[in-house]
Amino acid sequence: MRMNRNATRVVCTAMMAVALTALGLAGSASAALTGEFKKFEQCPYKTATVERCMYTLTTGGEVILGTKKVTLEKPVTIQGGYTEPNEAEGGYAKFFAAKDGNTISKAAQNVPGGLAGIVPDASSPFLVKALIKFFFENSLTGVSSTLELAKTASDIRINETHLAEGLGVVMKLPVKLHLENPFLGKSCFVGSSTSPITWEVRPDTTSPPKPNEPITGNPGEVQFLEGARILKLSNVELVDNAWSAPAASGCGGIISFLVNPIINAQIGLPSAAGKNTTRLKNTIYTTTAFALNKNYETEK
Amino acid sequence: MNRKTKFLRGFFAALVVSAAFAGSAGAAPAWNFEGKALEGSETVMGAAFESSLTIPGLTTKCENFLYKLTIKNELGTGKGELTEMPLYNCTTDTAACSVKTIAAETLPWPARLTKIEPSNYIIVEKAKVGIIYSGAECAVNGLLVRVTGTAGGLIDNTAETATFNEASFKATKTELKALSSAVIWSGVFPTEAFQWHRTQALTVS
């Protein structure tokens, strides 16, 4: 009996020691980056081909999709690593996903007018009317729009020279917009992996097709942090108003064959290039993978 | 001619005269040697006593900041062309970044003298310097950083120098930019003739 009790004690102590060690190791691994470098925790900086890391915080701006304008009220982060510039690709570098998969953070932005703004009751078929009535009566009329990556992170392209000079396309971003509401279901998207919306955002002046007119971004103000190991660009405004958007898909669940055409008619989808606008207000941080590795090694 | 017309004419004449005086007060100054206006052209050469370029968080200094400026007076106004500006032994104030290359681009850069009461200034236009920083930890490692714009420097006739700093840029409403942002360039340059007027005092007035 006593031997059994002792054996249990030994096993328990060993398990606790293993657990504590594991916790300790996990703690040191995740808390290794310090100061301003902490922003880059999700950058895959230990991946051999990752030369640099980027952390972009979008704190404002707007997206005009056809006839709908969504103001970005909630912050969105775009983060990950990227390679050396590829001269064969015009100096654009290939992107690597954030370690936790949140290369673009999912922030649901309010669509003005909600359900009433994108699904008019009067012109809808009976089934849609009945469902809208049900949702309106339940006050579930708010609609949100969430920016998501339409393809893999490796399809994103970054041009650091354009970012530094404040001229030209800085980022090519294949995205889709997720419209969410209980009525619209969980799979209502504008854009897809096969037909993405491609934003080519820039800090200088665009040259869009009509009816849009050229708009100008802002290259922002520069500051070096952590002994010039981090480049910070504040008040950067990246713009693109030459992109096109495909028709909506998957809206309304099993009655999507009825709801998709209504959404398309209301928003004006598919929306040709020259009818849509993106304006993103950002703070952009970049650093080198070497600096992160050194900070990690020094601090762990 | 009634009294009202007379008054208006007199008032208009006074405005014209005062405008003419205001013009001469702010008239562009000329290059002078030993108090006499320069005729023809002259070459001014020198090395900065001290010079630095500061982007917030990163200051670049060059031990040897040489320049060669060809000067002349055109219709009584001092003009010039910066024809050479070799930069050597440049370093930064950080451990992470070194200066791999630094060079003036698209020379010559036009220059002119201007008076902003009570001082004389030299304005260097179309300035363009390309800097490539190196260092595996440097945030702009391998990236070409271009410094472009117009620089205004204060002329000191007594010390025979042109001083470029935040105050001189503000006074002349000039600006140099790097990485799309305004940068501060500080430098004190001697103004000494090296051709026909060697050893003669160069002044601006």
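Analyst: Let's start with the rule: a salt bridge here needs a side-chain nitrogen of Lys or Arg within 4 Å of a carboxyl oxygen of Asp or Glu. This is a predicted model, so local features need pLDDT of at least 70 and side-chain atom pairs 80 or more, while totals for chains, interfaces and linings use all residues. Residues count from 1 along each chain as written, chains are lettered from A and ligands numbered from 1 in written order, and side-chain values use heavy atoms, without hydrogens and water.

User: What makes Glu160(A) and Arg52(A) a salt bridge?

Analyst: Their closest N and O atoms are 3.0 Å apart, and the cut-off is 4 Å, so the pair qualifies. Glu160(A) sits in helix H4 (residues 160-165) of chain A and Arg52(A) in strand E1 (residues 52-65) of chain A, 108 residues apart. Helices (H or I, at least four residues) and strands (E, at least two) are DSSP runs, numbered from the N terminus.

User: Why is Asp204(A) called buried, and what is Arg202(A) called?

Analyst: Asp204(A) has a relative accessible area of 14%, under the limit, so the label is buried. Arg202(A) comes out at 21%, so Arg202(A) is partly exposed. The side chains of Arg202(A) and Asp204(A) meet in a salt bridge at 2.7 Å, N to O.

User: And why do Lys79(B) and Glu74(B) count as partly exposed?

Analyst: Lys79(B) is at 29%, so the in-between class applies. Glu74(B), at 34%, gets that label too. Those two side chains form a salt bridge at 3.5 Å, N to O.

User: What makes up the interface in residues and in area?

Analyst: The contact (heavy atoms within 4.5 Å) takes 20 residues from chain B and 23 residues from chain A. About 1,800 Å² is buried between chain B and chain A, with 57% from carbon and sulfur atoms. That area is the accessible area (1.4 Å probe) the two parts lose on being put together, summed over both.

Note on methods. Buried means under 20% relative accessible area, exposed over 50%, partly exposed in between (1.4 Å probe, protein chains only).
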